[in-house]
2 protein chains.
Amino acid sequence: MSPARVESGAPTALLERAMDILGCFDPKHSALTLTQISELTKLPMSTCHRIVGTLEAGGFLSKGSDRKFRVGTKLWTIAQHAPLSERLRESALPTLARLYEETGENVTLAVLDRGQALYVDRLVGERSIPTISRAGGHLPLHTTGVGKVLLAYQSEKAIEQYLAQPLPKPTPQSITQPDALRKDLAEVRKNGYSITRQEMTRGSGSIAVPIMRKGKCVAAVGVIVHLNRLDINRLVSTLTDAAASIAAELDGH
Amino acid sequence: MSPARVESGAPTALLERAMDILGCFDPKHSALTLTQISELTKLPMSTCHRIVGTLEAGGFLSKGSDRKFRVGTKLWTIAQHAPLSERLRESALPTLARLYEETGENVTLAVLDRGQALYVDRLVGERSIPTISRAGGHLPLHTTGVGKVLLAYQSEKAIEQYLAQPLPKPTPQSITQPDALRKDLAEVRKNGYSITRQEMTRGSGSIAVPIMRKGKCVAAVGVIVHLNRLDINRLVSTLTDAAASIAAELDGH
DNA sequence: ACTAAAGTTTCATGTGATGGAAGTTTCTGA
DNA sequence: TCAGAAACTTCCATCACATGAAACTTTAGT
């Protein structure tokens, strides 16, 4: 986040540092020692110690018997009141569960967040293939089924802005040519669903549909399947039903 | 100069105030205006304004078009890396989904947190009855199915400590006599499951079983059902299977 | 036991948080 | 449409509190 602190203008110090410290906890670092935190944030040990101590006292972090810090239950509890959890997840979970049972495949639910697909939830089973997406994780918009849906239903301007930046290409099949993507997105809007084939992970593809509310795409549901199980017709119709069901649940409440 | 300041040495720190502000977001307050935050925290407007602004800049809060603040995606994302989400929820979700499909009832997953039952997840459907429990919410240990299980498998000392405090009695059926509770808990340990009948909500009961790991009870799964659907034998066996399945998932990963 | 690394405490210093007050925008009602 | 009020934002003199180097204590490794 903040590679080096410019001495001339360090605006808000303490709070930003505290947020930086909390931000250290990501998929790669779910448990950290004080020293590790100090290294990651480039902050002096004593400063870290003090801040981390306060965060721990507040239940935002908790220290395990292994002297490592983890995200605390208080922080977790607060996060459950985010609109993401409160409205979306709660409304969608039963439907996602049914979708998971019906297809037996990886089911994911995502929203647009800072130019990336933010995975709000996912259901992964023994039967399904392993995936990179994880709840709380971010992946690019143009290489994932849910991402393409989320992007396709953005405004023309937002889409162009996205295409203007350098696009990561995780596999040879990833579509990174702006023109090809524009075509692909138009297709998504026309069909009402997106398809990816090995654009994020070798050997697997995905299908996703939008969850619409008041004419806007607020989220996307998708399944990730082994390439040779990519039965488009069946999955699209199941997904469409699920999306409608989630949308109804969102409106009804 | 500071009339309303608490005389007792208030080591009021910026960070603590920020955590207080975040703590304002609870089930009753998922969206708050600056003024409301100022009232809830008893902090001056200008101070709130500054802190909230920093939190917003960091993505810990977000301001909606209705001028209300909500918990931001950054905070939510960090919380997804809490052990609760990372290990427990992810491992348990597929099983909970199956349990939900099999029973069609409210399914809840809880852990012990600060002397209360912390609901890690719940699945609520159209078919099932409305409940108070919600993901991220706390309820008393002695009035809920999952709570009784969590309490029953604590150490003798911890149990006595819990019983020593004044126990809330949300319904006339709630058991609050220490002796009656001790008996009830012994029953839970003997049977391997707990039962409640209208001890938290009129008209509904619940059954719950422990999720054991390394001989310790790390969580509890339960269902909440209408009293006249409380088919103990069937539910206990289904729940026991689910608990075993979640425990296996926890160990296997 | 000995040593290095990790973690904790201390304290003089001055930076950055503080909050009352004044200014600005948004909402409300007639 | 326009007051008037309420909500929000900015300002700034003051000093409380965060800061981090250094010294100290505890833990882990050989």
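## The surface near DNA strand D

In this predicted model, the residues of the surface near DNA strand D divide by class into eight nonpolar, seven polar and three charged. There are 18 residues around DNA strand D, and those that come nearest are A:Ser46, B:Ala13, B:Thr33, B:Thr35 and B:Ser46.

Both protein chains contribute elements here: at least two residues of this surface are supplied by each of α1 (14–23) and α3 of chain A, and by each of α2 (34–41) and α3 of chain B. The largest share of the surface near DNA strand D belongs to α3(A), which provides four residues.

## The surface near DNA strand C

DNA strand C is surrounded by 19 residues, of which the closest are A:Thr33, A:Leu34, A:Thr35, A:Ser46 and B:Ser46.

For the surface near DNA strand C, α3(B) gives the largest share, amounting to four residues. By class, the residues of this surface are eight nonpolar, eight polar and three charged.

## The contact between the chains

Where chains A and B touch, the contact takes 45 residues from chain A and 44 residues from chain B. On the side of chain B that touches chain A, the elements of chain B giving two or more residues are α1, α3, β2 (69–71), α4 (73–79), α5 (83–103) and β4 (116–123). Among these, α5(B) gives the most, with ten residues, and the side of chain B as a whole has 26 nonpolar, eleven polar and seven charged residues.

## A buried helix in chain B

Helix α6 of chain B, residues 145–152, is largely enclosed by the rest of the structure, because eight of its eight residues are buried. The buried residues of α6(B) are B:Gly145, B:Val146, B:Gly147, B:Lys148, B:Val149, B:Leu150, B:Leu151 and B:Ala152.

## Chain A as a whole

Chain A has nine helices and eight strands, and its C-alpha atoms fill a box of roughly 60 × 40 × 35 Å along the principal axes. Of the 253 residues in chain A, 45% count as buried. Among the contacts in chain A with a separation of 6 or more, 53% are accounted for by residues 24 or more positions apart.

Methods:
Residues numbered from 1 in each chain as written. Chains lettered and ligands numbered in written order. Predicted model: local features only at pLDDT ≥ 70, side-chain atom pairs only at ≥ 80, totals over all residues. Near = placed C-beta within 6 Å. Nonpolar A, V, L, I, M, F, W, Y, C, P; charged D, E, K, R; others polar. Contact = placed C-beta atoms within 7 Å. Buried ≥ 20, exposed ≤ 12 C-beta atoms within 10 Å, placed from the backbone.
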